[in-house]
Amino acid sequence: MSFTRDNGRLFAEGCAVSDLAERFGTPLYVYSRAQIEAAWRAYDAAFAQHEHLICYAVKANGNLAILELLARLGSGFDIVSGGELARVLAAGGDPQRVVFSGVGKREAEIEQALDAGILAFNIESEAELERLNTVALRRGQQAPISLRVNPDVDARTHPYISTGLKDNKFGIDIHRAEAVYHQAAALPGIQVTGLDFHIGSQLTELEPLVDALSRSLALVDRLEAAGITLAHLDIGGGLGIRYDDEQPPSPAALAQALEPLLAGRAQRLLMEPGRAIVGEAGLLITQVEYLKPGHRDFAIVDAAMTELLRPALYDAWQNIEVVDPFAAKAHHYDVVGPVCETADVLGRERLLALAADSLLAVFGAGAYGFSMASQYNARPRPAEILIDGTQAHVIRERETLSDLWRGEHLLGAQ
Ligand code: LLP
């Protein structure tokens, strides 16, 4: 673990978090390079017995420096927009290791991905398949595709981050997929290369993934019998992390659970983890602005739903600790931000010993923290710092006030 305590003081690798807050201000995202790399390597090692490619899900945290260090480890990337593709390329990522997911790929994004020469488009509908075929043919190209099947399994996670049920907008109903594969194989602008699914996020059980894979493999076998052979299987992302007392399966446990199904299969295995790579490697540091006792005791801090949306959006629980604890009486506080929304809560009823200016660390903020941040209430987005031993690299500067209206125009005399 890269976040440790020494005499009570919280450290990120070799840096005292309170020093970082003083140097860079708050709110502040702090990431551990060692932990990100260790998480990626653990994934990679877990699947060593099978040819595989980890395609890190950029949406979890798309900072260029993080993409850069993953690219250097040999990572591929799962993208969902032209913006994410541009980020990967700017960070030195290899386009031949990129898969493109998402239900709403625009024509310009398709062109961009064909220009780059990505590994595969994960096709989410028949309409998208046709659009891709048309664009590829116009350019005299063949576009490599997987169909993202919707295996109709219950991932048993929060309904907002569950994606593999037939009520969800994602993927192609697995019962229709066989027909769509035949359609795809007949399209001259399309090269069928794989099968893909992603059933949800923050998964704490393996069974839904095993189920999804075995349903998918039954389809792969039927396709093979009909002469459609696939080069890869993409099992998506979704492995959970520990926010509270969850016991999410490790990548090794995942690999072990899937191995009996995969043994003897020639297909290269792709996976799209996001949270499991970066989630536990990040903290959000925030300072108390006011303590407001009353019917409920509020600790009003300088971070808000704008920096960490998960508690407001999913009622998610993330651990909050005092950075440098001191002897004081603990109370139950609702830790809230300054944003004008009742939902602007980082944590409810947290037992904390606080002073009027205490620093707090919110754990598990490496994934879906900055990447879901907004400027709502005209709040400049915070800096991001990557810790490497005793060194702190500014990998994104704090936004300035003028960043808030960059690109806006006054009407002037008009
Ligand atoms: N692949 C696809 C196609 C996805 O849609 C996602 C996440 C991933 C991979 C990566 O999933 P992960 O390994 O990170 O669970 N904002 C939510 C999570 C939304 C995830 C959306 N898709 C949260 O903060 O919990």
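**Exercise 1. Find the partners of strand 20.**

Task: In which sense do strand 20 and strand 21 (residues 391-396) pair, and over how many bridges?

Solution: This is a predicted model.
- Step 1. Strand 20 and strand 21 run antiparallel and share 5 bridges.
- Step 2. Look at the link. The two strands make a hairpin, with 2 residues between them. Gly-389 sits in the turn and has a positive phi of about 65 degrees.
- Step 3. Turn to strand 4 (residues 28-32). Strand 4 pairs with strand 20 in the parallel sense, over 5 bridges. Here Ser-32 has Ile-387 of strand 20 as its bridge partner.

**Exercise 2. Judge the cover of strand 20.**

Solution: 

**Exercise 3. Describe the cavity.**

Task: Which residues line the largest cavity, and what classes do they belong to?

Solution: 
- Step 1. Search the whole structure. The search gives 1 cavity of 30 Å³ or more.
- Step 2. Take the volume. The largest cavity has about 30 Å³.
- Step 3. List the lining: Tyr-43, Leu-209, Ile-235, Gly-236, Gly-237, Leu-239 and Leu-254.
- Step 4. Sort by class. The lining has 5 nonpolar and 2 polar residues, and no charged ones. Gly counts as polar in this sorting.

Definitions and conventions: Residues numbered from 1 in each chain as written. Predicted model: local features only at pLDDT ≥ 70, side-chain atom pairs only at ≥ 80, totals over all residues. Heavy atoms only, no water. Pairing = 2+ DSSP bridges. Helix = DSSP H or I, 4+ residues; strand = E, 2+ residues; numbered from the N terminus. 1 Å grid on protein atoms, 1.4 Å probe; cavity = no way out; pocket = protein on both sides within 12 Å on 5 of 7 lines; lining within 4 Å. Points joined across faces, edges and corners; volume = space filled by probe spheres on them.
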